[in-house]
Amino acid sequence: MVKIVRQQMICIIAPDWRGGVQLSKSDHYALHRLFLDVGVVHFASIALLPPMAGAQLPSLMLELVVEEGLRPYDLLSRLVNHPRGALRSLYRGYLSSHASQKASELNRQLLERLMSWQHIADGGFVGARDRSVQQIKEEKKLLEQARIEARVLKATHGKDRASFALALARWAFGDSRFEWAAEAAPRSYWREKGASIIAKVVAAVIVLWLALLWLIGFLARSAACFDTWLWNRSNPAVQSVFGAVSDASGWLLGVSCRFVLALIVVSFALWVFFVALPALFAFFRRWLDSLVRELDRPTETWSSLSTYLAVWLVGLPLVLAGLWSVVTYTFWPQYFKDVVAQWIPAGPGWKQLLIGGLAILVLIGIGAIFYRFNSLLQKFSAWFYHPHEDDIERAQQVHPSIEESEARLVRGTAHMISLTDMRSPHGWSAWWTCRSLRIVTFLGRVLFTESRLGNAPGIHFGHWHIIDNGRRLLFCSNYDGDFGGYLDDFINGASIGTTLFWRWTKLKPRAPAAPDQPGVAKPRAFPPTRFLVFRGVKCELKFKTYARDSMLPHLYRFDACRLTIDEINRATVLRNALFGERNHGNDDLIMRVIES
Amino acid sequence: MKRLAYKPDALPPGARRLLYGGYCWLNRHAALLRTIGALLRRWPSIAGRFGLVVRARAVKSVLTRPRSFSNTSHAPNLVAGDYLIAMDPGPVYHDDRALLDKRLKVLTVQVHADCEARQRLAGLPQSRNSVSFDLIDDYLMWIVHRAIEPVFGTAAGNVAEGSQVAVGDPGLQRQYLLETRYVAGQLLAGSISTLDVQRRAEACAGALRARIKGVIGHIRSAWGLPPSYPSADIERNAVGLAWIAHAVTVQSGALVVQELLRHPEVYRALRSKAAAIGAPNVWNHVDFRKSVHNHVLELMRFRPIFPLLVRDVPRDTVLETGGQKDAPCAGGKSVVMLSIAALFDPAAVADSRRFCPHRDWGTDEDLRWLMFGYGDRRCPARKYAVDILTSALIGLLTLPELRLAHGDGKAIKYTGPLMSRMRMRFA
């Protein structure tokens, strides 16, 4: 299910590139024309990847971000066989070209090579979902024309929202250029109603499963009774078969019911802990926030260290106890009851209530002592919570080639290429990173369907590739805004995912891919993490310098639409509102889009 | 022209693959379809209630009422843009049809097909120990291409190679033929195909349109059209002509051979006739050609390329079921014709289950061509297609006995409902 997302983002890494640092103007033009003609490429870029240790020459990376559903072979076949031969020209150094060789033979050679060099993303996120390049362009035209028309209509219908929207809709319906928009903008299963259907299906499957087990047991028992009634005597062989079936179904039914019950109890407990209690009690909310903050705390302090230790000492046993309880209750309920009964103090109910009340009072007392202690010993408190300065050795220095690349994109969609090394052992790091990326991709596909990854907006296409036999991690992103803001979005909006898939990387010293490109002089590590997903990117300065130092400039860039995610979404909203039914909601949407 | 072809999948994961897989599987199992058809033919009125048309009389009735049962059902499957097959009668349809008829008149398919078949046969390995060959890629694809490429006149080379100067590069021509195959593959069940199949067809359609656009000047002059003739109209017709004829004829040829191999006695009889006539004369022997022609039609009756056909119902109407009661048909819905069931309808075809190439069809001669449609909207190039397949089959009959090459993997490979490979070897 995630392959369809991964296939949208492809990197072709051609090793031992001898073609120099600059692409010729004719190559630039030919590539641009190629991507425009083909019409399915959202973004493309070319960059040089520094050589691996032991290698002499850099690799040429061609990043292709394309529409959904295209298989790499079909895409590359389309690109390679384009009559202009742009890719043939780009990769001419790799083709054994003789004067007598026909174009089709060269295309075949090139296609084989590109297929052997291509990597579909190991993980990726798509912001503006369910849209083709052509749709984005057409909707952009609709938005522009609607704004022009709205200026005219304002003079006559400006005072009434409904009549203004109606007049604009009439204009849109009457314009043959926008016939295509009469159909509502398509939405994929997961953006439409997929999640709710799946929830219903899961509920139905559970109920049907339980009903089926009960029915099998019931039928077996009924058949046994029928057998006895029919022959007026009990046949032991038949009775034992029916008895075994009935027992098996009863046991499975019991296990299934208890497992469902245990899941409900665990879910309820988690809901109480993470939702109900924070909503009811401000101090609990503050405590929970403080716990997460301390786990995420970028600097080493006594407070964060003690929280870390406390989670190990309290949290881990609690999780293990929870798992043990679920498994034991599901399969050995009597043993579970016996163990729990040992822990419940024997005695009448009022004594247990008293013990419970006392326990709560003791906990409140401990909390009050800590609070008092905290306010009395301000100095100690300051020392306990005092953040050290981040151990950044130097002010951030960005390589001129990166700045130049960013400057070229200042009016379009920003772009980032980051190359890091996997930590040793590579296989282990690559495996974990790959699993993490798959999870992020799955969540992006199923849950984060409205252009935001977690709380991070503005990502058009972000993709990760584990390359060079699991030794390096390549990250390419096409995003709105600037680099600092983009990383801030990750730090504040999607820190767990970002930490998860970057935590197994480091930066080894590396020579630049070309004399005027950045290298890595000193080895760096990704900021330390806690419990896999905490801290990491929250070490803001460390993370930003790490990300900066891992960046590479691009040699070529193609952006098919040059629109921000917000603009893309606005145009789609306008299309649906203009051509949808006339009501207050749609009228309001039209006004808001036109005015924005 | 389709402006926004791509649509994301609105079905749950796996559902489309299941649906499309089921359809393709059914499409490949003609015997099963014939059985279902035989069953439904017993209760045509009930089948009609569910929008299924099974009896020959009913199918003919539907196909002769194009305004009540519209060809627009094909429109979602035309990834390369609108064309005659999916149009309702109107000015555009009539203009395009006139242009097509004009272009078809220049064809002399038998000459070109015979010539290419001979050349291809000469290149085939003909010993028992030799390796297998692909009936589609090594034989049929090229025969059909050479026979129908004159439809583009002097621009044929430019279209096939997608360049201003044709250099006779077979690799480029093969690429063109693959593009048309995937575009045509959508005609069968494009709207239910999986997303990757749809996207591949769209990519090929894009390439085909770009190819035609690039040589539109050559086509204009080859077709003798004045400069005032709109380029968009030329493009629509050229694109349509490029994809619709070739792939469908090649698939029909593969199905004909597949069916022939299921009737070994018929195959042997034809081969012995060919051997008796002798290699040089077999191509021009009038009676033999007529016999093979009849065999091709009968084989196509057993394996029609479109065993199921859909028609849109634009407004409320009544469906003649061929039974005692007609069925009401609500506007906005569609009907499905089991043309394979109609071709085996004992009420219309005497001894319908028997393989009989020389059957006397009497006044129902048109029904014999039902796999190409019926009435005014039937395929205008049907006779050319059967002539090409006749030439191709004559060529195969001059070879030693053929079998499917099961040795190296599956002999037949499918891409969706279409065969993309059919490996053969000598028995």
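Among the contacts in chain A between residues at least 6 apart in sequence, 77% join residues at least 24 apart, and I would like you to keep that figure in mind while we go through this model, which is a predicted one. Chain A has 22 helices and 13 strands, and of its 596 residues 44% count as buried. If you take the box along the principal axes, the C-alpha atoms of chain A fill roughly 90 × 75 × 70 Å.

Let me turn to the aromatic rings. A search of the whole structure, over all chains, finds 43 aromatic pairs. In one of them, the ring centres of Phe43(A) and Phe461(A) are 6.0 Å apart and the ring planes stand at 70°, so this pair is edge-to-face. Where do Phe43(A) and Phe461(A) sit in the chain? Phe43(A) belongs to strand E2 of chain A, residues 41–49, while Phe461(A) belongs to strand E7 of chain A, residues 459–467, so that this pair links distant parts of the chain, 418 residues apart. Both Phe43(A) and Phe461(A) are buried.

A second pair is formed by Phe475(A) and Trp502(A), whose ring centres are 5.5 Å apart and whose planes are at 85°, so here too the pair is edge-to-face. Because Phe475(A) lies in strand E8 (residues 472–479) of chain A and Trp502(A) lies in helix H19 (residues 495–502) of chain A, the pair ties together parts that are 27 residues apart in sequence. Phe475(A) has a relative accessibility of 2% and counts as buried, and Trp502(A), at 1%, counts as buried as well. These two residues are also members of one aromatic cluster, formed by Trp464(A), Phe475(A), Phe501(A), Trp502(A), Phe526(A), Phe543(A) and Tyr546(A).

Now to the helices, staying with chain A for a moment. Helix H10 of chain A, residues 236–280, packs against helix H11 of chain A, residues 282–296, at an angle of about 130°, and their axes are 5 Å apart. That angle makes H10(A) oblique to H11(A), and the crossing of the two is left-handed. On the side of H10(A) we find Phe273(A), Phe274(A), Leu277(A), Pro278(A), Ala279(A) and Leu280(A), and they meet Ala282(A), Phe284(A), Arg285(A), Trp287(A) and Leu288(A) in H11(A). How many residues of the contact of H10(A) with H11(A) are nonpolar, polar and charged? There are 10 nonpolar, no polar and one charged.

Helix H9 of chain B (residues 170–189) and helix H10 of chain B (residues 195–214) have axes that come within 8 Å and cross at roughly 130°, which makes H9(B) oblique to H10(B). This crossing of H9(B) and H10(B) is left-handed. The contact includes Leu172(B), Tyr176(B) and Val183(B) from H9(B), and among those from H10(B) are Ala201(B), Cys204(B) and Leu208(B). By class, the residues of the contact of H9(B) with H10(B) divide into 10 nonpolar, four polar and three charged.

H10(B) also packs against helix H12 of chain B, residues 231–261, at an angle of about 125° and with the axes 10 Å apart.

Ala80(B) lies in the loop between helix H4 (56–63) and helix H5 (91–105) of chain B, and at 4% relative accessibility Ala80(B) counts as buried.

I will end with some details of the backbone in chain A. The peptide bond from Ser424(A) to Pro425(A) is cis, with omega near -10°, and Pro425(A) lies in the loop between strand E6 (414–422) and helix H17 (426–446) of chain A. Asp130(A), although it is not a glycine, has a positive phi of about 60°; its place is in the loop between strand E5 (123–126) and helix H6 (133–157) of chain A. With a relative accessible area of 3%, Asp130(A) is buried. Phe531(A) is not a glycine either, and its phi is positive, at about 50°, but at 27% relative accessibility Phe531(A) counts as partly exposed.

How values were computed:
Residues numbered from 1 in each chain as written. Chains lettered and ligands numbered in written order. Predicted model: local features only at pLDDT ≥ 70, side-chain atom pairs only at ≥ 80, totals over all residues. Heavy atoms only, no water. Axes fitted to C-alpha atoms, helices over the stretch in contact; angles between N-to-C directions. Helix = DSSP H or I, 4+ residues; strand = E, 2+ residues; numbered from the N terminus. Parallel < 35°, antiparallel > 145°, perpendicular 65-115°, else oblique. Left-handed = near helix turned anticlockwise from the far one by under 90°. Contact = heavy atoms within 4.5 Å. Nonpolar A, V, L, I, M, F, W, Y, C, P; charged D, E, K, R; others polar. Phe/Tyr/Trp six-rings, centres within 6.5 Å; stacked < 30°, edge-to-face > 60°. Buried < 20%, exposed > 50% of the residue type's maximum accessible area, 1.4 Å probe, protein only.
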